[in-house]
Amino acid sequence: MNKTIIAALVGASVLAGGCGTVLREVERLAVRSSPGPSIGTATASTAPQGTPGATTAPQGTPGAGDLKQAARAALGAVPGSTLVSIETEENGRLWEVQVVGQDGTEHQLDVESGKVVGGPTTEEEDAADKAKHRARVSAAKLDYAQAADKIAAAVPEGRITELNLDTEQGKTVWEADVLTPGGTKHEVAIDAATGTVTRNNSATT
């Protein structure tokens with residue numbers, strides 16, 4: 001339709017004012033009839049958020065990597081301490097960590113995404129409890145990281161959700177809960193002095 005109008009005006013302009021008038025009129029109409037951006041059209045600067053291709057980072061899942069990251073954060077918050085317990089909370093989003101100071105005092109911390117978000121808080125314990133903590137720490141020749149590696153080797157497809165330094169049948173052991181993708185839960189125990197697997201029980205959850 002715009003072409004028809006332009007042609008008609010060109011004819012009229014020829015009769016009224018000659019070629020110069022024709023050219024000016026054609027240019028004016030060409031500018032007016034050229035398409036422009038319509039209202040609501042997304043441009044590079046107004047593209048809506050959440051377009052395909054944008055990915056949202058998932059929540060960290062439990063595993064040796066996340067466990068070690070959380071452990072390092074907790075140990076850094078209590079210098080000179082030793083990790084004795086770490087477990088996941090809130091569907092793996094949070095790690096609850098317990099560390100023992102050189103005097104046997106136990107401290108609890110919450111770690112999320114490698115950062116301490118709660119604590120450290122000091123557990124109220126008597127001298128006997130502190131002595132027990134020191135004895136376990138002294139008996140353990142494997143630290144939490146070495147124990148986690150041993151457990152990961154025992155259940156390669158699993159992810160560690162809990163790791164504790166404890167006593168079992170008179171021996172100091174690292175006990176762990178490990179969950180596999182198929183829903184099987186393994187309870188694994190590692191001799192904290194030798195690194196030998198002393199128990200690996202499994203049950204479907």
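This is a predicted model: local features need pLDDT of at least 70, side-chain atom pairs count only at pLDDT 80 or more; totals for chains, interfaces and linings use all residues.
User: Which residue caps the N-terminal end of α4, and what makes the pair of atoms involved close enough for a polar contact?

Analyst: Aspartate 126 is the cap, with a side-chain oxygen 3.2 Å from the backbone nitrogen of alanine 128.

User: Why is serine 85 called buried?

Analyst: Serine 85, which lies in strand β1, has 7% relative accessibility. Buried means under 20%, so serine 85 counts as buried.

User: What makes the link between serine 85 and asparagine 164 a polar contact?

Analyst: The side chains of serine 85 and asparagine 164 make this contact at 2.4 Å, and the limit is 3.5 Å, so the distance falls within it. Asparagine 164 is also among the residues in contact with serine 85, including Glu96 and Leu163.

User: How do you know that strand β5 pairs with β1 and with β6?

Analyst: Pairing needs at least two bridges, and three join β1 to β5, so these strands pair. Nine bridges join β5 to β6, so that pair qualifies as well. Both pairs run antiparallel. Glutamate 162 has a partner on each side: glutamate 87 and aspartate 177 in β6.

Methods: Residues are numbered from 1 along each chain as its sequence is written. Side-chain values use heavy atoms; hydrogens and water are left out. A polar contact is a pair of N or O atoms within 3.5 Å; within protein, one must be able to donate a hydrogen and the other to accept it, and residues adjacent in sequence count only if both atoms are side-chain atoms. Helices (H or I, at least four residues) and strands (E, at least two) are DSSP runs, numbered from the N terminus. Buried means under 20% relative accessible area, exposed over 50%, partly exposed in between (1.4 Å probe, protein chains only). Contact means heavy atoms within 4.5 Å. Lists of a residue's contacts leave out its neighbours within four places in sequence.
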